Amino acid sequence: MLKKMLILSSQVLLRENSEFIICPAFIEISGIHITKVKKHTLKSYQEHKKKEKQNNQYEIHDFGDRLISPSFVNCHTHIAMCFFRAILSNRSQTKNLVEDLFFKAESHLSAADVLAFARMGVYENILNGNALIWDHYYHGISLAQACLEIGISAVISPTLQDLSGPGVALCERAFQETLTIHESSQYSNAGIFSAFGPHATDTVSENLWEQIRQAALEHNLPIHSHVAQSYEEVKRIYARHHLTPIGFLNKLKIFDENINSLLVHGIYLNKGDLKKIHRKNCALVYCPFSQMIFQFPANILEWEKYDAQWFIGTDCVASNDSMNVQKEMRFVGGFPSLNNTFGNFSKILNKKLGKENNIFIKNRIKTKILEDKFSNLNFLLNKVLSGPGNFHPHFVAGTIEKEALANLTVWETNHPCFWPPSDLLRSLSMGDTTGAIYNMCINGKWYGKNGEFTQSILESHKYKESLNEANDRLRLLIKKI
């Protein structure tokens, strides 16, 4: 019988009264779950540490004063789309990046291509400190298999399309793949779960939305969909139904209180839309750097104003070139300042003191209040840890607590990106600390070598095999495209 794992550190990131704190703690792990967390004072930690080290029922991992945090949750990815880095030179010629470029290239993808490319996407997420991803793409079983082989927690949403897009021919199979992943103990025992993945409101028919709604209720599975992500989508839905995309989904009862809906992008939302989705079972996903490239950033100030629940994701490298959620958090932290960037207030320097100056000062004060909220470290970290980690009804992640998935990151706080170590929470939320990853525990297993995390992965035989296959398949795919 395998021993339980006991992890010790004098600096562990826990949640207490909805806020993150750092304190000494013991973390007990069995299988893929955390089974016990014992918080200590520094004095009691030292006393109990000696006693626990003599307990032979545990496999002990003592990390001294290195910081241990929950691993990041990247709640919207397309891990197989990393191959687009090779074919994005003509991006500027597209009006709609998704329809004019993505769909055309994706029509050539095989399940084996997706498996090979998804492995690379998994590695990139892990090396950026993400131990759980919510992925939405074609060939769902290939996605789940890549996550299983490389070793990452995941929610797989096989893309469902029946009106347009590369997924039309795969639609029935994708629906069944969603249920197959959900019902597989092999996947759930590896921290891999499923959600229904309707692509967007304009590529999915009313009949298919109804089928998804009924199945989501029957199997207690969430819905993970792009919503109001492009002008073309909004225009089509309004032409067909005289409703916004959110209004359309509301009419179809997709926002049933018994269905969790993860609504990605929400670039084109009005006040009426935001009033419909403020319920706790709906969450918007903000992917700022991706949105800046394929459209423009959604107005998260309005999201906050109407008390919408929302999280932060990266989207895909095809429209972002990174799986680093930390850089997304930094953008969110400074987002309120964009309110003034292109306003008439920029002309104030050319005018004498007067009415315009008073308006400018009032607006600056208002912006500062918003900046204080958006750059709050608890506010930011919640959007990539416990917020999205608690959204799926079948597991808990993004937190160090009993019954949560055992996804932990150990940070070398002597690394210069953590110096001076007076505010570790700020370094995690506003810094660039992935180079300081000492090791990661994903689904209860250590992923790399202590102190040689990145290099041990890149030098592994498993990674080199994955890299070679992805390179070979990419060469063949480019010829097809």
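Predicted model: local features only at pLDDT ≥ 70, side-chain atom pairs only at ≥ 80, totals over all residues.

Residues are numbered from 1 along each chain as its sequence is written, and side-chain values use heavy atoms, with hydrogens and water left out.

**Exercise 1. Find the cavities of 30 Å³ or more in the whole structure, and describe the lining of the largest cavity.**

Step 1. Start with the idea: rolling a probe the size of a water molecule over the atoms shows where empty space is left. Here a cavity is a set of points, on a 1 Å grid over the protein atoms alone, where a 1.4 Å probe fits but cannot get out; lining residues have an atom within 4 Å of a point. Grid points are joined across faces, edges and corners, and a volume is the space filled by probe spheres set on the points.

Step 2. The search of the whole structure gives three cavities of 30 Å³ or more. The largest cavity has a volume of about 160 Å³. It is lined by 18 residues, and H78, M81, F102, H199 and H226 are the closest to its centre.

Step 3. Now see which elements take part. Helices (H or I, at least four residues) and strands (E, at least two) are DSSP runs, numbered from the N terminus. Both α2 (97–106) and β7 (130–137) supply at least two residues of this lining, and α2 gives the most, with four residues.

Step 4. Sort the lining by type. Ala, Val, Leu, Ile, Met, Phe, Trp, Tyr, Cys and Pro count as nonpolar, Asp, Glu, Lys and Arg as charged, and the others, Gly among them, as polar. The lining of the largest cavity then has eight nonpolar, eight polar and two charged residues.

**Exercise 2. Describe the second largest cavity and its lining.**

Step 1. The volume of the second largest cavity is about 90 Å³.

Step 2. Its lining is made of 13 residues, with N96, V98, E99, Q229 and S230 nearest its centre. The largest share, three residues, comes from α2.

Step 3. By type, the lining of the second largest cavity has four nonpolar, six polar and three charged residues.

**Exercise 3. Work out the size and lining of the largest pocket.**

Step 1. Unlike a cavity, a pocket is an open set, with protein on both sides within 12 Å along at least five of seven lines. The largest pocket has a volume of about 320 Å³.

Step 2. Among its 14 lining residues, K280, E304, Q309, N382 and K383 are the closest to its centre. The elements giving two or more residues are β14 and α16 (377–382), and α16 has the largest share, three residues.

Step 3. The pocket lining divides into four nonpolar, five polar and five charged residues.

**Exercise 4. Count the disulfides, and explain why C82 is too far from the closest cysteine sulfur for a bond.**

Step 1. A disulfide is a pair of cysteine sulfur atoms within 2.5 Å. By this rule, the count is zero.

Step 2. C282 is in no disulfide either, as the nearest cysteine sulfur, that of C75, is 14 Å away.

Step 3. Check accessibility: buried means under 20% relative accessible area, exposed over 50%, and partly exposed in between (1.4 Å probe, protein chains only). C82 is buried at 14%, and C282 is buried at 0%.

**Exercise 5. Starting from the hairpin of β2 and β3, locate I400 in relation to I27.**

Step 1. Six bridges join β2 (residues 19–30) to β3 (residues 33–39), and these strands run antiparallel. Two residues lie between them, and G31 in the turn has a positive phi of about 65 degrees.

Step 2. Within the pair, I27 stands opposite V37 in β3.

Step 3. I400 is in the loop between α17 and β15 and is buried, with a relative accessible area of 6%. Although I400 and I27 are 373 residues apart along the chain, their C-alpha atoms are separated by 8.0 Å.

Definitions and conventions
Pairing = 2+ DSSP bridges.
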